[in-house]
Amino acid sequence: MAFIKNLFSKLARKKEDKELPPKELGCNCNNCDKEEKEKNPKTLCIHIDPLPCEPNPFFQCKEEFTKFFTEFESKITTVYRYYNMNNIFLKEYLSRSKEALQASREKRDENFSRYSSCYFINNNSFKDIHYMSTLMNIYMAFETLLKSISKDVAYDKNMSIEDVQEKNMPYLNGYMSFLEENFEKKGLFSGRENEFVNIIRKIRNDYIHDSMTEIPEGMERDIVKLFNLREGKRITVDDMLINNTFSIFGEIASKLEKAYWAYKRDYLNTVIK
């Protein structure tokens with residue numbers, strides 16, 4: 001608990017020095033109390049602006065009166081900030097851990113073998129947890145958005161959300177098909193978008209049900225084609241895939257918002273008449 005309190009007390013301080021943390025072990029920055037440095041000379045100090053003002057660059061509501069679109073924007077913004085903050089911490093932590101491990105080896109520390117084992121476990125597992133948890137949260141926000149819109153449109157049609165979900169396809173695809181049909185916009189979602197959604201859905205399901213973090217070869221080739229990457233490139237859930245998930249899901253949400261309001265205005269005009 002003390003470590004967590006110390007970490008958040010550092011994050012909460014006003015940032016006075018924008019230089020990167022020093023590379024030597026121990027923290028010599030100006031943000032840490034002298035007493036604290038002496039107590040723990042190996043303190044890891046991360047410089048993060050604590051003011052939560054960073055907007056997400058992927059989706060901003062154009063209309064102000066639809067709760068599920070504003071909630072989607074809020075959720076994506078939160079996940080985006082969380083992802084960036086953890087990126088900073090994780091990269092610095094692993095970098096400093098590597099330096100500490102090297103120092104341990106040079107000193108012929110008897111615990112070097114144990115430290116080494118922990119480092120390589122952390123180096124692999126922390127990245128997997130970081131990227132996959134972000135992917136899960138983006139997916140959850142996106143699925144919730146589609147379900148909320150589908151539920152609203154289904155209500156207009158005197159249907160239940162269960163009627164939409166009964167189609168012989170995954171829920172996400174069912175929602176997209178239902179909305180495309182009822183918004184009378186064939187091709188609302190491009191082939192590239194549909195393919196990418198299917199890829200992310202498969203990665204998410206493999207992780208949730210089988211704890212799989214590796215992407216199958218066939219899916220790797222599909223991603224390479226989608227983003228015109230170098231043939232044979234090894235694809236993992238990393239910054240590239242995370243940022244493209246943010247971007248493409250944000251693009252789909254923007255198209256859905258526009259189509260939803262066009263549909264709703266037509267629907268209300270019909271009801272009023």
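## Salt bridges and the basis of the model

A salt bridge is a side-chain nitrogen of Lys or Arg within 4 Å of a carboxyl oxygen of Asp or Glu, and lysine 264 forms one with aspartate 156, the closest N and O atoms being 2.8 Å apart. This pair links distant parts of the chain, since lysine 264 belongs to helix α9 and aspartate 156 to helix α4, 108 residues apart. Helices here are DSSP runs (H or I, at least four residues), as strands are (E, at least two), and they are numbered from the N terminus.

The structure is a predicted model, in which local features need pLDDT of at least 70 and side-chain atom pairs count only at pLDDT 80 or more, while totals for chains, interfaces and linings use all residues. Residues are numbered from 1 along each chain as its sequence is written, and side-chain values use heavy atoms, with hydrogens and water left out.

Lysine 264 lies in helix α9, which covers residues 239-272. With a relative accessible area of 12%, lysine 264 is buried, where buried means under 20% relative accessible area, exposed over 50%, and partly exposed in between (1.4 Å probe, protein chains only). Aspartate 156 is buried as well, whereas aspartate 152, with a relative accessible area of 22%, is partly exposed.

Which residues does lysine 264 contact, leaving aside its neighbours within four places in sequence? They are Asp152 and Asp156, contact being defined as heavy atoms within 4.5 Å. The side chains of lysine 264 and aspartate 152 also meet in a salt bridge, at 2.8 Å from N to O, and this pair again links distant parts of the chain, with lysine 264 in helix α9 and aspartate 152 in helix α4, 112 residues apart.

A search of the whole structure finds eight salt bridges. An α-helix has 3.6 residues a turn, so residues three or four places apart point the same way. Aspartate 206 counts as buried at 11% relative accessibility, while lysine 202, with a relative accessible area of 35%, is partly exposed. Elsewhere, salt bridges that share partners join Asp152, Asp156 and Lys264 into one network.

## The nonpolar core

A nonpolar core is a set of buried Ala, Val, Leu, Ile, Met, Phe, Trp, Tyr and Cys residues joined through side-chain atoms within 4.5 Å. The largest such core has 57 residues, of which Ile149, Phe183, Ile203, Val237, Phe246 and Leu256 touch the most other members. At least two residues of this core come from each of α3, α4 (112-156), α5 (161-165), α6 (171-182), α7 (191-210), α8 (217-226) and α9, and the largest share, 13 residues, comes from α4.

Leucine 256 gives a view of these contacts, for, not counting residues up to four places away in sequence, leucine 256 touches Phe69, Leu146, Ile149, Leu179, Phe183, Leu188 and Phe189. Glycine 174, found in helix α6, counts as buried at 3% relative accessibility. With the same exclusion of residues up to four places away, glycine 174 touches Val164 and Met169, and the C-alpha atoms of glycine 174 and leucine 146, 28 residues apart along the chain, are separated by 9.6 Å.

## Helix α3

Helix α3 (residues 67-106) has 40 residues and reaches 58 Å from its first C-alpha to its last, close to the 58 Å expected at 1.5 Å a residue; the expected span is 1.5 Å times one less than the number of residues. Serine 74 lies in this helix and counts as partly exposed at 42% relative accessibility. Serine 74 and asparagine 56 are 18 residues apart in sequence and 8.9 Å apart in space, C-alpha to C-alpha.

## Positive phi angles

Arginine 108, which follows α3, has a positive phi, near 55°. Where does asparagine 158 lie? Asparagine 158 is in the loop between α4 and α5, its phi is near 60°, a positive value in a residue other than glycine, and it is exposed, with a relative accessible area of 77%. Asparagine 228, found in the loop between α8 and α9, has a positive phi near 50° and counts as exposed at 70% relative accessibility.
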